[in-house]
Amino acid sequence: MSIQASPARSLPAGKPAFDAATVRAAFPILAREVNGKPLVYLDSAASSQRPLAVLRAVEHYETRLHANVHRGVHSLSQWATEAYENARETVRRHLHARSTHEIVFVRGTTEAINLVANSWGRRHLRAGDEILITYLEHHANIVPWQMLCAATGASLRAAPVKANGELDLAGFRSMLSAHTRLVAVAHISNALGTILPVQEIVRLAHARGVPVLLDGAQAVPHQAVDVQAIDCDFYAFSGHKVYGPTGIGALYARESLLSAMPPWQGGGDMILSVNIKESTYNALPWRFEAGTPNISGAVGLGAALDYLDSLGLAAVAAHEHALLELATERLSALPRLKLIGTASDKAAVLSFTMEGVHPHDIGTILDTEGIAIRTGHHCAMPIMEAFGLAATARASFGCYNNAEDVERLVEGLKKVRKVFG
Ligand code: PMP
């Protein structure tokens, strides 16, 4: 049974036209039932679903073009290489990077950050240096820096976050010091939805000559990202949160930095020549892509970004923002429900707690209604701890969600309240 998306009747008027029903119909999984109920998928911040355009692009690659890349003289290898490198150009265009030399394919945001920590970090950091992050980072933007600090003697500092989930910019500014060697912050928080003032953060850091890494895992799916306009030095994101496959993502790195960075993994494809004593390394960006890459994943990622572009990122952002406003209003009206993270600049993520109900019980009861949300610490334990919480329930929205999904969530939460009194 498929859900008929209701027209956005309860959404504010005056938003750009966005045909949510057509978008929804492009995602086959949304037509299935879960526990006997039409699926309401509200876990896109963890992993989004894939449209047919992505599934078909991957199928076409797998059934028509696949061979190993870069090494073969035969036609399939050349077609596969072309498909892979075309995907790199799509990522470049999407992020508005200057050159494909600046786009490294990786497994995802986590691997991108580990690459920077291991390559740039080990070369540039020493005892007494500081890395500045914030309290709202995902573990992927905390643990690699802790490991780097353990290896180099540098220390990790975290800027404070205000009670509404916004970054305390004055606190951040005061923690930027003569010792800071790198700033690494989320563009959008996965746990709270806060959109960080990244341009201002970059401006403050660059004024001190400090490079900035942005964790864009939650931003690329929801808004246009222009790395030149932001002027960041590194930007990381994952394919599976942007309607693409798992196991693929990209790191943007400013060419002047990347060209001076040592490789972090050795092997095939990242070399020009090898003898038993030594090797010479390949040009950018292949120097950072040792071994056979995730070729079909890259093709799927390229198709996902093309799909997002075809919807128009401004329209997607407006649609999701309207859903956020509707959901915020509807959930705020529920008794003994508390929203966690109410920043004025927010993406479509609603973290909440219900008095007297463990978040896992909220998730379990909603699942019986076919509603998928996430519960737990969202791989962001420091910010949970700062709020005095072990866990929250989190509903996150993507381009395919609609007002009916919000109503189903509200009805589901009323049921939870009934069970727990
Ligand atoms: N950063 C943020 C803000 C995230 O939301 C996530 C995924 N939850 C990650 C990093 C890690 O992404 P991945 O698991 O795809 O490497």
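How far is an oxygen atom of the ligand from an N or O atom in the side chain of His240? The distance is 2.7 Å.

This is a predicted model, where local features need pLDDT of at least 70 and side-chain atom pairs count only at pLDDT 80 or more, while totals for chains, interfaces and linings use all residues. Residues are numbered from 1 along each chain as its sequence is written, and side-chain values use heavy atoms, leaving out hydrogens and water.

1. From Thr109, a backbone N or O atom lies 3.4 Å from a ligand oxygen. The protein buries 85% of the 400 Å² that the ligand exposes when taken alone (Shrake-Rupley method, 1.4 Å probe).

2. **Ligand surroundings.** Residues around the ligand (a heavy atom within 4 Å) include Gly108, Thr110, His138, Asn190, Asp215, Gln218 and Lys241.

3. **Asn401.** This residue sits in the loop between strand E17 (392–396) and helix H14 (403–420); helices (H or I, at least four residues) and strands (E, at least two) are DSSP runs numbered from the N terminus. Asn401 counts as buried because its relative accessibility is 1% (buried is under 20% relative accessible area, with a 1.4 Å probe and protein chains only).

4. **Asn401 partners.** The Asn401 side chain reaches the backbone oxygen of Tyr41 at 2.9 Å. Leaving aside residues up to four places away in sequence, Asn401 also touches Arg24, Ser44 and His319, among others (heavy atoms within 4.5 Å).

Definitions and conventions: Buried means under 20% relative accessible area, exposed over 50%, partly exposed in between (1.4 Å probe, protein chains only). A polar contact is a pair of N or O atoms within 3.5 Å; within protein, one must be able to donate a hydrogen and the other to accept it, and residues adjacent in sequence count only if both atoms are side-chain atoms.
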